[in-house]
Amino acid sequence: MSDGTSPHGFSVVVCVYTEDRWEDILAAVDSVRKQSLPPLETLLVVDHNERLRARLAEEYADARLREEVRVLANAGPRGLSAGRNTGIAAARGEFVAFLDDDAVAERDWLHHFAAAYDDPRVMAVGGRTLPAWASGRRPAWFPEEFDWVVGCTYRGLAPGRVPVRNVLGGNASFRRTAFDAAGGFATGIGRDGDRRPLGGEETELCIRLSKALPEAVLLMDDRAVIHHKVPAARERFGYFRTRVYAEGLSKALVARSVGAQKGLESERRYTTRVLPAGVLRGVRDALRGRSGGAGRAGAIVTGVTLAAGGYAFGQLRARRSGTTFSWGPIECTDEHAAGRSADGAAEGVTR
């Protein structure tokens, strides 16, 4: 198992963009600093917000804290993918973990990630993300099958430590060499600062990684737990509708980048098995007089319909616009990272 105080430990990247999440950002960093397996460093990557960058630099200006927490400006275009790539390029650790800026990690989060990397074939490990509802409880109509809408682990994923097609980006880790082989997160996919809640960038990267390294193993370990804040606005059905439609748009971009067969492989099982079971469960609960059953069944049907519509429109738009994606290679920016071997590194490509 890796020693977090050595260059073989974890660099934890937290991408941030707004002062509205100031207390959340501090809580996220604090949860990383209190890990049972201490990280080598925490990298706060600020997305084109100089006021927030200066404020965070001042917050962590103490000489001791500066060794633990580094504040960086996103060196690429606005958006989550470029922010993560900035963090990867600056990372000193052998492993790079990602934590959302409005989430807190349980104490053994990195410990469970590290244990999985004892197998040299493992190139990525994700964890379980639990919702922390602003209202204190799950809305009665909100189906667990759609917890991905609020950035959380959803019903239908296998329990334990299991192989997966892709990890979920807000609670994930990779070997640093994975990015040498596959490049970084693709710009043009995922959130980019606009109001539409796109996603899918981690799915696209993981599929590309598996193509670059066919023997690679990607795992999900549900013991590596974080708690993700769900604000009141995201507990509303209006956000649910917007997010599932945007996911359809995102999946169209993923399919254009890596092909529909791989890009929709997991989604086929999800839509043909997990969601129909969820509808039946909701109908059964409604017939038994249980609160929210009809609403959950209706939300699942609505979600499938809107996601399919978003996917169809996204495909049409991508074909008409000739959408392209860029993902690397990751250029090391730190003197410690620059000394790594570049053997096997993929050439930068655009599709």
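Tutor: Gladly, and let's start in a loop: arginine 165 lies between strand E7 (161-163) and strand E8 (171-175). Strands here are DSSP runs of at least two residues and helices (H or I) runs of at least four, numbered from the N terminus. This is a predicted model, where local features need pLDDT of at least 70, side-chain atom pairs count only at pLDDT 80 or more, and totals for chains, interfaces and linings use all residues. Residues are numbered from 1 along each chain as its sequence is written, and side-chain values use heavy atoms, leaving out hydrogens and water.

Student: Why is arginine 165 called buried?

Tutor: Buried means under 20% relative accessible area, exposed over 50%, and partly exposed in between (1.4 Å probe, protein chains only). Arginine 165 has 14% relative accessibility, so it counts as buried.

Student: What makes the pair of tryptophan 141 and phenylalanine 240 edge-to-face?

Tutor: Rings of Phe, Tyr and Trp (its six-membered ring) pair if their centres lie within 6.5 Å; planes under 30 degrees apart count as stacked, over 60 as edge-to-face and the rest as tilted. For tryptophan 141 and phenylalanine 240 the centres are 5.5 Å apart and the planes at 90°, so the pair is edge-to-face.

Student: And why are phenylalanine 237 and phenylalanine 240 called stacked?

Tutor: Their ring centres are 5.6 Å apart and their planes lie at 15°, so this pair is stacked. Both residues lie in helix H8, 3 residues apart, about one turn of the helix.
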